[in-house]
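Here are some notes for anyone opening this one for the first time. Have the structure on screen and follow along.

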Amino acid sequence: VNERPGIRLSLVLERFDFRAVMREDVNRRPALVLDFSPRPGKRDLDHDHVLRRLSGRIWVDEGEREVVRAHLRNLEPVKFGLGMAGSLSHLDATMEFHKLEDGVWLPRETRAEFSGRKLFKSFRTRLTTVYDRYRQFEVQSEEQIKPGT
């Protein structure tokens with residue numbers, strides 16, 4: 001797996017403790033349900049101040065070994081700009097994924113509720129995003145090197 005510096009998935013996954021809690025059917029398929037919570041201490045990761053305040057649950061399709069659903073919440077407020085720029089006091093988000101005919105897994109729906117404060121103003125937001133009508137494109141390119149004249 002190629003990983004860019006600063007966005008290393010393996011390091012982000014090591015940030016959390018995963019624990020299998022049950023099995024559950026998701027879309028009529030067996031899934032393993034894992035709870036995750038942050039491991040104690042600070043890590044040398046981009047945005048670790050946010051990651052260490054998150055916990056949740058993921059559902060992994062047992063046959064495909066792919067995440068089919070993820071639920072995320074914050075354990076405590078997340079401050080930005082030392083709390084002066086704002087804070088996120090409540091986050092509750094669920095993402096669902098599905099497999100397309102060609103075997104690619106893509107998002108199906110995201111639902112999120114969040115509230116907090118931005119500068120001196122409070123906010124509370126609910127957001128639902130539905131992804132559908134994915135299309136596949138084939139692109140061909142040709143390159144020719146012409147001798148200089």
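The points below go through the cores, the aromatic rings, the strand pairing and one histidine.

1. A word before we start: this is a predicted model. Please read each point below with that in mind.

2. Let's begin with the nonpolar packing. The largest nonpolar core counts 15 residues, and Leu51, Leu54, Ile58 and Leu91 have the most contacts inside it. As background, nonpolar side chains in soluble globular proteins tend to be buried together.

3. Now for the rings. The count of aromatic pairs comes to three. Take Phe16 and Phe36: their ring centres are 5.3 Å apart and the planes meet at 85 degrees, so this pair is edge-to-face. The two come from distant parts of the chain, with Phe16 in strand 1 (residues 16–26) and Phe36 in strand 2, 20 residues apart. Are they buried or exposed? Both Phe16 and Phe36 are buried. Together with Phe18, they form one aromatic cluster.

4. Phe114 and Phe123 make another edge-to-face pair, at 6.4 Å centre to centre and with 70 degrees between the planes. Phe114 has a relative accessible area of 24%, so it counts as partly exposed. Phe123 is partly exposed too, because its relative accessibility is 28%.

5. Strand 4 (residues 66–74) runs antiparallel to strand 6, joined to it by five bridges, and here Ala70 stands opposite Met95. Strand 5 (residues 78–80) also pairs with strand 6 in the antiparallel sense, over three bridges; Val78 has Leu88 as its bridge partner. Then comes strand 7 (residues 105–118), antiparallel to strand 6 and joined to it by 13 bridges. Ala93 and Ala112 are bridge partners there.

6. Have a look at the turn between strand 6 and strand 7 as well. This hairpin has five residues between the strands, and Gly103 takes a positive phi near 90 degrees.

7. Last, a histidine. His98 lies in strand 6. Why does His98 count as buried? Its relative accessible area is 19%, and the cut-off for buried is under 20%, so His98 falls on the buried side. Leaving out residues up to four places away in sequence, His98 touches Val104, Trp105, Leu106, Pro107, Arg108 and Tyr134. Glu66 is 32 residues from His98 in sequence, and their C-alpha atoms are 9.3 Å apart in space.

Definitions and conventions
Residues numbered from 1 in each chain as written. Predicted model: local features only at pLDDT ≥ 70, side-chain atom pairs only at ≥ 80, totals over all residues. Heavy atoms only, no water. Core = buried A, V, L, I, M, F, W, Y, C linked by side-chain atoms within 4.5 Å. Buried < 20%, exposed > 50% of the residue type's maximum accessible area, 1.4 Å probe, protein only. Phe/Tyr/Trp six-rings, centres within 6.5 Å; stacked < 30°, edge-to-face > 60°. Helix = DSSP H or I, 4+ residues; strand = E, 2+ residues; numbered from the N terminus. Pairing = 2+ DSSP bridges. Contact = heavy atoms within 4.5 Å.
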